[in-house]
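Hi everyone, thanks for coming. Please have a look at the model on the screen, and I'll walk you through a few of its contacts.

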Amino acid sequence: MTPDPQHDADELIRARQRSRARVTALILGALVVLFFLITLARIRAGMPK
Amino acid sequence: MITVDTPVRLPAEWRDFLALTKPRVMTLVVFTGLCGLLAAPRRVDPVIGFTAILCIALGAGAAGALNQWYEADIDAAMKRTAARPLPAGRMERPAALQFGIGVAAFSVILMGLAVNAMAAAILLVSILFYVLIYTVWLKRRTPQNIVIGGAAGAFPPLIGWAAATGDVALLPLLLFALVFLWTPPHFWALALFVKTDYANAGVPMLPVVAGERVTRQQIGLYTLPMAAAAVAPWPLGLTGAIYGWTAVAGTALFAAMAAQVATRRTGDGDAMKPEKRLFSYSILYLFILFGALVADRWYA
């Protein structure tokens with residue numbers, strides 16, 4: 001079987017893109033949770049004791 | 001379209017973006033920032049405290065990325081930095097620039113919205129200082145680059161304190177002075193044993209421009225005001241005995257090592273062991289002092 005450099009390069013690029021997309025999704029998910037917790041903390045800080 | 005004759009430009013890996021942020025340098029930045037926050041007299045909500053430290057880390061990472069974007073040519077010429085993503089060709093320069101600006105802006109805005117305006121303002125100043133004053137202006141022009149540029153690394157305890165209290169007091173200013181005055185002996189100890197690297201890259205570090213003897217004298221000279229700044233919080237009544245005795249003992253050891261480096265004469269092929277020892281201990285020294293500061297606040 002003859003190796004196809006074009007196909008290999010495309011595969012490598014797609015693998016990199018998938019890996020970056022996964023990390024971006026994780027970061028965005030963590031930021032959503034963080035913003036939610038910050039909102040709760042700010043509301044708590046604004047409440048009278 | 002990619003053909004066999006066209007070199008394939010792969011998108012940079014996420015690990016390369018992480019490497020742009022200089023994670024090892026960030027450790028000390030995060031630690032001193034956290035200690036500044038914990039040493040402050042006001043307790044801060046854990047979520048807000050975490051956010052403040054995250055913003056300090058992101059700001060430091062962004063400054064590191066912008067530094068690597070600007071210094072790709074210098075990094076390529078030095079053995080110690082040649083494997084970084086830009087000189088190694090694993091990333092395009094515009095990607096590093098966009099990443100640096102984006103993360104810097106995000107860190108300052110998040111600090112301003114979630115923590116307070118004072119902490120955000122100091123964070124912004126520290127990023128601009130590191131990128132514009134140190135990286136762009138000083139580093140290639142003067143052997144005093146790290147003396148003035150050292151201020152950039154001295155901001156985190158000030159930011160941590162400001163994050164908790166919303167203002168700045170004498171103790172965080174002394175911590176700023178400590179890190180500021182610690183930077184020259186720390187970096188010049190490193191510069192003594194990687195002198196050839198800096199000379200090859202055309203960076204006017206003190207050993208390259210003024211020679212080894214002057215550098216050794218300067219290490220000794222800067223250690224004196226650094227020692228004063230390290231111990232001062234105790235007699236001024238800003239800290240207790242835990243920090244005081246730790247600072248006295250740790251600084252005495254630092255001064256002894258610095259004195260050895262300052263008075264040494266070396267020949268060709270010297271292994272530079274005292275210089276390497278001073279460099280390694282200088283990092284541990286800051287960790288110990290800031291750790292003692294927090295222990296002093298919480299357990300004294």
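Let's start with a term: a salt bridge here is a side-chain nitrogen of Lys or Arg within 4 Å of a carboxyl oxygen of Asp or Glu. Before I use it, two words on where things come from. This is a predicted model, where local features need pLDDT of at least 70 and side-chain atom pairs count only at pLDDT 80 or more, while totals for chains, interfaces and linings use all residues. Residues are numbered from 1 along each chain as its sequence is written, chains are lettered from A and ligands numbered from 1 in the order in which they are written, and side-chain values use heavy atoms, with hydrogens and water left out.

So, how many salt bridges does the structure hold over all chains? The count is 12.

One of them joins B:Arg140 to B:Asp73, at 2.9 Å from N to O. B:Arg140 sits in the loop between helix H6 (117-138) and helix H7 (145-165) of chain B, and B:Asp73 in helix H4 (residues 72-77), so this pair ties together parts that are 67 residues apart in sequence. Helices, by the way, are DSSP runs of H or I with at least four residues, numbered from the N terminus.

Now please look at B:Glu275, which has a relative accessibility of 0% and counts as buried. B:Arg216 reaches B:Glu275 with closest N and O atoms 2.6 Å apart. B:Arg216 belongs to helix H11 and B:Glu275 to helix H13 of chain B, so the bridge ties together parts 59 residues apart in sequence. B:Arg264 also meets B:Glu275 in a salt bridge, at 3.1 Å from N to O. B:Arg264 comes from the loop between helix H12 (241-263) and H13, 11 residues from B:Glu275, and is buried at 18%. Through shared partners, B:Glu212, B:Arg216, B:Arg264, B:Asp270 and B:Glu275 are joined into one network of salt bridges.

On to the rings. A pair of aromatic rings is described by the distance of the centres and the angle of the planes. Rings of Phe, Tyr and Trp (its six-membered ring) pair if their centres lie within 6.5 Å; planes under 30 degrees apart are stacked, over 60 edge-to-face, and the rest tilted. Over all chains, there are 13 aromatic pairs. In one of them, B:Trp188 and B:Tyr222 have centres 5.6 Å apart and planes at 70 degrees, so the pair is edge-to-face. B:Trp188 is in helix H8 (residues 170-193) and B:Tyr222 in helix H11 (residues 212-231), 34 residues apart. B:Trp188 is buried at 0%, and B:Tyr222 is buried at 19%. B:Tyr281 and B:Tyr285 make a tilted pair, 6.0 Å centre to centre with 45 degrees between the planes. Both lie in helix H13 (residues 273-299), 4 residues apart, about one turn of the helix. There is also an aromatic cluster made of B:Phe129, B:Phe155, B:Phe176 and B:Phe180.

Last, the interface. The rule finds 2 salt bridges across the interface of chain B and chain A, including A:Arg16 with B:Glu13 at 3.9 Å, N to O. Thanks, and I'm happy to take questions.

Definitions and conventions. Helix = DSSP H or I, 4+ residues; strand = E, 2+ residues; numbered from the N terminus. Buried < 20%, exposed > 50% of the residue type's maximum accessible area, 1.4 Å probe, protein only.
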